Amino acid sequence: MSEVVIYHNPRCSKSRQTLNLLKDRGIEPRIVEYLKTPPDEQTLTGILRMLGIQPADLVRTKEDEFRELGLKEKLNDPTALIRAMTEHPILIERPIVISGDRARLGRPPENVLEIL
């Protein structure tokens with residue numbers, strides 16, 4: 001089995017539930033606390049490709065930073081959204097679990113089981 005990585009926010013209940021789901025299945029993922037060590041633009045672009053979604057689908061639109069940065073007007077500008085998410089990682093939807101060349105959002109946590 002390939003390494004499993006979780007982009008994790010310990011303060012997020014869905015992220016904690018997803019991490020527990022992995023551990024309950026005997027998987028000890030590499031934990032990336034993305035608020036402390038955010039992905040760079042190239043890494044985030046790769047994650048989006050693995051998820052099969054657009055940047056607008058990964059950005060947290062209810063965060064204050066989304067409004068403060070005027071991102072509603074940039075939802076059709078993938079480059080601007082990726083840059084905003086790398087500079088303000090709180091904007092990245094979580095948790096993201098990666099296994100090999102596949103990734104899933106843990107919303108709901110059971111989504112990640114598809115790639116394990």
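Predicted model: local features only at pLDDT ≥ 70, side-chain atom pairs only at ≥ 80, totals over all residues.
Local features need pLDDT of at least 70 and side-chain atom pairs count only at pLDDT 80 or more, while totals for chains, interfaces and linings use all residues. Residues are numbered from 1 along each chain as its sequence is written, and side-chain values use heavy atoms, with hydrogens and water left out.

Helices (H or I, at least four residues) and strands (E, at least two) are DSSP runs numbered from the N terminus.

**The sheet**

- Four strands form an open sheet in the order β2-β1-β3-β4, with mixed pairing; two strands pair if DSSP finds at least two bridges between them.
- The edge strands, each pairing on one side only, are β2 (30-33) and β4.
- From one strand to the next the twist averages 20°; axes are lines fitted to C-alpha atoms, for helices over the stretch in contact, and angles run from 0 to 180 degrees between N-to-C directions.
- Helix α1 packs on the sheet, where α1 touches β1, β2 and β3, and the direction of α1 makes about 160° with that of β1. Contact means heavy atoms within 4.5 Å.
- Helix α2 also packs on the sheet, touching β1, β3 and β4, and the direction of α2 makes about 85° with that of β4.

**Strand β3 and its partners**

- β1 and β3 are antiparallel and share four bridges, with Ile6 opposite Val97 in β3.
- β3 and β4 are antiparallel over four bridges; Ile96 stands opposite Leu105 in β4, and Ile98 has Ala103 in β4 as its bridge partner.
- The hairpin of β3 and β4 has two residues between the strands, and Gly100 takes a positive phi near 65° there.
- β3 is covered on both faces: Ile96 and Ile98 are buried on one side, and Val97 and Ser99 are buried on the other. Buried means under 20% relative accessible area, exposed over 50%, and partly exposed in between (1.4 Å probe, protein chains only).

**Nonpolar cores**

- A nonpolar core is a set of buried Ala, Val, Leu, Ile, Met, Phe, Trp, Tyr and Cys residues joined through side-chain atoms within 4.5 Å.
- The largest nonpolar core has 22 residues, and Tyr7, Leu58, Met85 and Ile96 touch the most other members.
- At least two residues of this core come from each of β1 (4-8), α2 (41-51), α5 (78-87), β3 (96-99) and β4 (102-105).
- Another core, of nine residues, lies apart from it and includes Val4, Leu19, Leu22 and Ile115.
- Beyond its neighbours within four places in sequence, Tyr7 is in contact with residues including Val32, Tyr34, Ile47, Ile96 and Ile98.

**Thr18 in helix α1**

- Thr18 lies in helix α1 (residues 13-24).
- Thr18 counts as buried because its relative accessibility is 0%.
- Not counting residues up to four places away in sequence, Thr18 touches Ile6, Pro95, Val97, Gly106, Pro109 and Val112.

**Helices α2 and α5**

- Ala80, Leu81, Ile82, Ala84, Met85 and Thr86 are the buried residues of α5, and these pack against α2 and α3 (55-58).
- The axes of α2 and α5 come within 9 Å and cross at roughly 115°.
- In this pair, Glu41, Leu44, Thr45 and Leu48 in α2 meet Ile82, Arg83, Met85 and Thr86 in α5.
- The contact of α2 with α5 has four nonpolar, two polar and two charged residues. Ala, Val, Leu, Ile, Met, Phe, Trp, Tyr, Cys and Pro count as nonpolar, Asp, Glu, Lys and Arg as charged, and the others, Gly among them, as polar.
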